[in-house]
4 protein chains.
Amino acid sequence: MAKKQLRVGMIGYGFMGRAHSNAYKQVGQFFPSNHQVVLKAACARDAEKIKAFAEQWGYESTETEWKKLVERPDIDVIDICTPNNMHKEIALAATANKKAILCEKPLAMNAAEGREMVAAVEKAGVPNMVWYNYRRIPAVTLAKKLVDEGRLGKIFHYRAKFLQDWTIKADLPQGGQGLWRLDVAAAGSGVSGDLLAHCIDTSIWLNGRLDSVCAMTETFVKERMHNLTGKVEKVGIDDACTFMCRYANGSLGNFESTRYARGHKALYTFEINGENMSLFWDLHDLHRLQVFDYKDEGKIRGWKSVHVTDNSPDHPYMDKWWVPGLAIGYDASFTHQVADFIQGLETGKPQGPTFKDALETQCVLDAILDSAKGGKWVTVAKS
Amino acid sequence: MAKKQLRVGMIGYGFMGRAHSNAYKQVGQFFPSNHQVVLKAACARDAEKIKAFAEQWGYESTETEWKKLVERPDIDVIDICTPNNMHKEIALAATANKKAILCEKPLAMNAAEGREMVAAVEKAGVPNMVWYNYRRIPAVTLAKKLVDEGRLGKIFHYRAKFLQDWTIKADLPQGGQGLWRLDVAAAGSGVSGDLLAHCIDTSIWLNGRLDSVCAMTETFVKERMHNLTGKVEKVGIDDACTFMCRYANGSLGNFESTRYARGHKALYTFEINGENMSLFWDLHDLHRLQVFDYKDEGKIRGWKSVHVTDNSPDHPYMDKWWVPGLAIGYDASFTHQVADFIQGLETGKPQGPTFKDALETQCVLDAILDSAKGGKWVTVAKS
Amino acid sequence: MAKKQLRVGMIGYGFMGRAHSNAYKQVGQFFPSNHQVVLKAACARDAEKIKAFAEQWGYESTETEWKKLVERPDIDVIDICTPNNMHKEIALAATANKKAILCEKPLAMNAAEGREMVAAVEKAGVPNMVWYNYRRIPAVTLAKKLVDEGRLGKIFHYRAKFLQDWTIKADLPQGGQGLWRLDVAAAGSGVSGDLLAHCIDTSIWLNGRLDSVCAMTETFVKERMHNLTGKVEKVGIDDACTFMCRYANGSLGNFESTRYARGHKALYTFEINGENMSLFWDLHDLHRLQVFDYKDEGKIRGWKSVHVTDNSPDHPYMDKWWVPGLAIGYDASFTHQVADFIQGLETGKPQGPTFKDALETQCVLDAILDSAKGGKWVTVAKS
Amino acid sequence: MAKKQLRVGMIGYGFMGRAHSNAYKQVGQFFPSNHQVVLKAACARDAEKIKAFAEQWGYESTETEWKKLVERPDIDVIDICTPNNMHKEIALAATANKKAILCEKPLAMNAAEGREMVAAVEKAGVPNMVWYNYRRIPAVTLAKKLVDEGRLGKIFHYRAKFLQDWTIKADLPQGGQGLWRLDVAAAGSGVSGDLLAHCIDTSIWLNGRLDSVCAMTETFVKERMHNLTGKVEKVGIDDACTFMCRYANGSLGNFESTRYARGHKALYTFEINGENMSLFWDLHDLHRLQVFDYKDEGKIRGWKSVHVTDNSPDHPYMDKWWVPGLAIGYDASFTHQVADFIQGLETGKPQGPTFKDALETQCVLDAILDSAKGGKWVTVAKS
């Protein structure tokens, strides 16, 4: 039986453009379905660069205007890998053209934009998803399963951090290719939208709604040369952001993110403490879930380091890969997301995080920045 | 040459009474000096129990009234191991009798009490010290050395937590022997005074003054049977306390403490991130200091797990113990403190933390509780 | 400029067939070169299964007779992923047809077979390589670099183990698809050829020639049902194999492998102790290299956990993947091997391990089995 | 009720003299019994040094002739902390005087000496014990409990190593105070008697009798200056020793010891793999036992890091120390041994390892050295 084509139009060719492309190519080999992903077109303003990208990754064609891409009838799904400030406009146009959308995180520059986007995709009824890929690291998915099975009991604490150290150098410029994350105009915010967004998404998924937050932010390097203007300009992003929160379920949260934690490359960790079980995960050793099970016999109770690599249904996604003990990479999380997106199409049950789910994170981000500015607790708006 | 006697009068016989007594007995064997510690008298209201304690630990005599103890002419130093609500009164009386004082932490119920105590000891000129023993775990002392040598460069972040799980059980009573830490009348506060006090003391020592704090507290179990009244009573302590802070040096702090983190027995950890070096320590593996040295060659840069057990001057205190690789216990931190206290007596240079040092922690604790109550940032008062 | 095609003929479709196919598809995206890998044909006796495999992975055609495959003029390279007992015959036929060969490890059933194969490929001058893929885990490649730079000084010790636990179950059958590794007729040996072969290959690469060995083997489960005959038959493989050795450089080796080490999935670890530096690696956390550098200052000397994920020339292969902190999987080692194989073709400098290199491992394996049988030290034959 | 005195006569004042003395002083405080340990006399040839030692540790008197010490009627137990070559003579003399004996490990220079010693103490009926102190690290004692409860099922593998790096320096002399372990005349052997002896003792305790062994030894530095003669002399000890073995229970063993493993201070580790459970311990983090329990549910099965610090009967000895999470040191193992020795006296059930137990280790050591010399498997003699 012939497979149904899923024709991708990719906008962007950077880090995420590559990660998604790899996923599109792997998905049929590891997660066969009734759909066949076709890399139809890649789009970016720089004609030469997007051509080279398309050739390397096997896209059939290129565009230099995203508006043309979203109108092409031979495209089924638009993948938005641009800086954050273009997400909304592209998403709305893609929606108008009835395209399915896979949008990079964070969903938007703020909740107001996000609400528009959610309203649009819901009204149009187009499939939509946001690339909060960490949900689909097998160890993280396993954590979700354990939570959903009710094993943790009453939750007392959730803590997460995402620590990096790559912007300590004061002569690093802001803006432009590879560095737009330092430019507030393109990124909207600093570590909060870039890193904490991941932590918040996972946290909502595992522990539910955040009711109120209290945050502080800091910009350690106040001015940086801007790549686009060539001038030294004020840095508008947050270099570091810490916040406390209270969850709807009564538990307490503690979050921290920075790009000034010397020694940490991408240390995203989370821990959740329940009455009966606690869980801990660390992106640096992403194939392990640490589990403390209070029901274990006292004599031999301790944190278990679960190497989430069994090719059995015990370990999410892993029955599709290798044999026990052989770890998959960070990149596999994207392959899993595409597999689930397709499954959503085939079953009619959309897989999260949808735009609507991602809007909830956006509301928390707004509250955080608001709180940091005012030095006070802020209630998180309903999405 | 005959040694000078240092005659100890111990008040209390619980966990700390034992830990200090062990230190007094070990100090002469591992850190010989011109002083000889003599366990002169142990004191507690229960005559039978203090008698048994004195016998087991070799105290020459007992008292059941601390007021009599502090007046005895054959006592040089009073060791206060009582619940927090008695620290001030005993300390003032001991000062009036010109005794040196070693007081358990936290110094007092609040900064106001602490100020009285500081004023008294300073006016009387009696040697004084507070048992913030973690400063003298060799790995922690090594951290201090590295900071003092200026190796870290500009500091960006400090984070600490002290997580336990022993009060999750709702039918655990409050008050009385072994459980006074749950009784606000005896303890003054919950995890903040008991656990965060340690974190704050170390933090001030390593990273300097905290300017302002913003905290939240929670009491998960609202009522517990009271051991002294036999009735179910409201719980007045904080079961959990999280706070953010800004340091005078421009760095950001993040602290958390709880007795509801399932899986953690006494997980006191701290991390300090400097421009050039970061340090991490964990009480559960107290003999290791994790060091990230940015000056290391890129190819082989990583967190070093330093096993702080070399019997050489490289590793503080360790030249007095065993051979490389053989870890000493938590208890040794008290032995080191007594050794340093004696060295302070002999050199005339008081070793910290003095009452004055400990008052600084008390001011932070006051600010935290104040902040949590008001839901706002609070400036830390000057000690 | 048009790329030169490298047309692959794959024999086998199991675990390794999939791993290699993934590498062929990824290589051009991550390691672009002047060659384009084309999946020309996949071959296996079962027509239906190989057809499904070809479809899933994108092979253009299928064969059910390997003899036909090796004769096809539209194939440039034969990839041998069959059980060990077919390596030699296929390799010789492929060589006769002037095909390049990528052969799964171990090279052969024994050194005698291996010698024939080496002689054949060398006489024919065909490119050849063996899939000892662990050499190309970035952390392992980094270890090799450090050794080659002379940083370790005189070597005293090398130790390696490869521990699994998947055959403890006594009712696991031997023979046939997925279980031929338990059948001595197909595999030649048990853990020695399957697991120790990897350890020995890395060890020769890092520490040079093994002069003499002394081994013991054990078969814990003496009889198992045979999948092909349907009868309970004697187990001919070694379930566990331990050996000591002396290297040509004067250092001592200690190796162990088993499939009966409860709790270990694929615990391949090695450690090398030099006068000035020691290195440790563990497949379970394959992205980390542990480095002890004696030249570090004593005070902060310790094992460094190097997260080998920097996208810079510091960390082999990693500049082609993601950003610092994001680990790649086990599978990437195969992608790296194909990239290097192509580089060998383009530069004319063959990349190891060649058949000749792999023969050296085969000689060690022969010596081990000989030693275990005779209970005595055995000199390793020259390759 | 008055306690019964246990009057100790200590021979030696080095590392072990200090460790034992600390234990004698601590035992009554942490493990009260009907006995009171009295430090009656300390003995060494150097009058001045032994005097200083006695003063520092509180011994009532000193001797410079051990023969006089063992005859003193006011001594109940002789503690032998001399170099190995004096153990036998002293033990026989002590036995003749009906003294109880606590002898440092290894028991003797060889099994022949050990047999004489066992015969003597058994004939005289004097209490006797050997200081294989690692049995009484709580995590190790817990391992023994788990084995005795039959939790491991059939055992397949035992592996242990004891790695150090302190003799790499070629200009380190041999012989004399602190360095007699490098002098074959005083020590009898090198790492085998010093380090492997510990590994073998634990192994016999946990896994039973070793039937046969096959070993290799190496002396990396062939000549060293001798402290006693002042001349460069041949080094007679083994710098490194590796051996394989077969146990009476059918399991396989793998042992390694060296003083040339750069980066390891005192890395004594052991692992035992059973059908149902595996255990791992590491002296560098001595308060942790790693437990893999195959009976755990597959989804969350992993190695548990048990922090053996609960003050409950779950964790051996720990109910006598502090509170959960607070680790005790290496030194506590000696305190535990004295406590158990006294319990043996009080209950009439001698606690191991007795001389007889330690002789078994001596027989293994003889077999190892014999095997290494002959390059062949050797059957372990019956003790």
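## Contact between chains D and B

In this predicted model, the contact between chain D and chain B takes 27 residues from chain D and 27 residues from chain B, where two residues are in contact if their C-beta atoms, placed from the backbone, lie within 7 Å. Two or more residues on the side of chain D that touches chain B come from each of α1 (15-30) and α2 (47-57) of chain D. Helices (H or I, at least four residues) and strands (E, at least two) are DSSP runs, numbered from the N terminus. The largest share of this side, five residues, is from α1(D). By class, the side of chain D that touches chain B consists of 14 nonpolar, nine polar and four charged residues. Ala, Val, Leu, Ile, Met, Phe, Trp, Tyr, Cys and Pro count as nonpolar, Asp, Glu, Lys and Arg as charged, and the others, Gly among them, as polar.

Residues are numbered from 1 along each chain as its sequence is written, while chains are lettered from A and ligands numbered from 1 in the order in which they are written. As this is a predicted model, local features need pLDDT of at least 70 and side-chain atom pairs count only at pLDDT 80 or more, whereas totals for chains, interfaces and linings use all residues.

Chain A puts 30 residues in contact with 30 residues of chain B. At least two residues of the chain A side are supplied by each of β7 (155-163), β8 (210-218), β11 (240-247), β12 (252-258), β13 (267-274) and β14 (277-282) of chain A. β12(A) gives the most, with four residues. The side of chain A that touches chain B has 15 nonpolar, nine polar and six charged residues.

## Chain A and its domains

Chain A has ten helices and 17 strands. Its radius of gyration is 21 Å, close to the 21 Å that the globule rule gives for 383 residues, so chain A is as compact as a globular protein of that length. The radius of gyration is taken over C-alpha atoms, and the globule rule is 2.2 Å times the number of residues to the power 0.38.

The domain assignment, automatic or from a database, gives domain 1 (4-133) and domain 2 (137-330 + 350-379) of chain A. Their centres, taken over C-alpha atoms, are separated by 24 Å. The contact takes 23 residues from domain 1 and 25 residues from domain 2 of chain A. α5(A) gives the most to the domain 1 side, with six residues.

## Strand β4 of chain D

Strand β4 (residues 77-80) of chain D is covered on both faces: D:Val77 and D:Asp79 on one side and D:Ile78 and D:Ile80 on the other are all buried. A residue is buried if 20 or more other C-beta atoms, placed from the backbone, lie within 10 Å of its own.

β4(D) pairs in the parallel sense with strand β1 (residues 4-11) of chain D over four bridges, and D:Ile11 stands opposite D:Ile80. Pairing requires that DSSP finds at least two bridges between two strands. β4(D) also pairs in the parallel sense with strand β5 (residues 100-103) of chain D, over four bridges, where D:Leu102 is the bridge partner of D:Asp79.

Definitions and conventions
A residue is buried if 20 or more other C-beta atoms lie within 10 Å of its own, exposed if 12 or fewer, and partly exposed in between; C-beta atoms are placed from the backbone.
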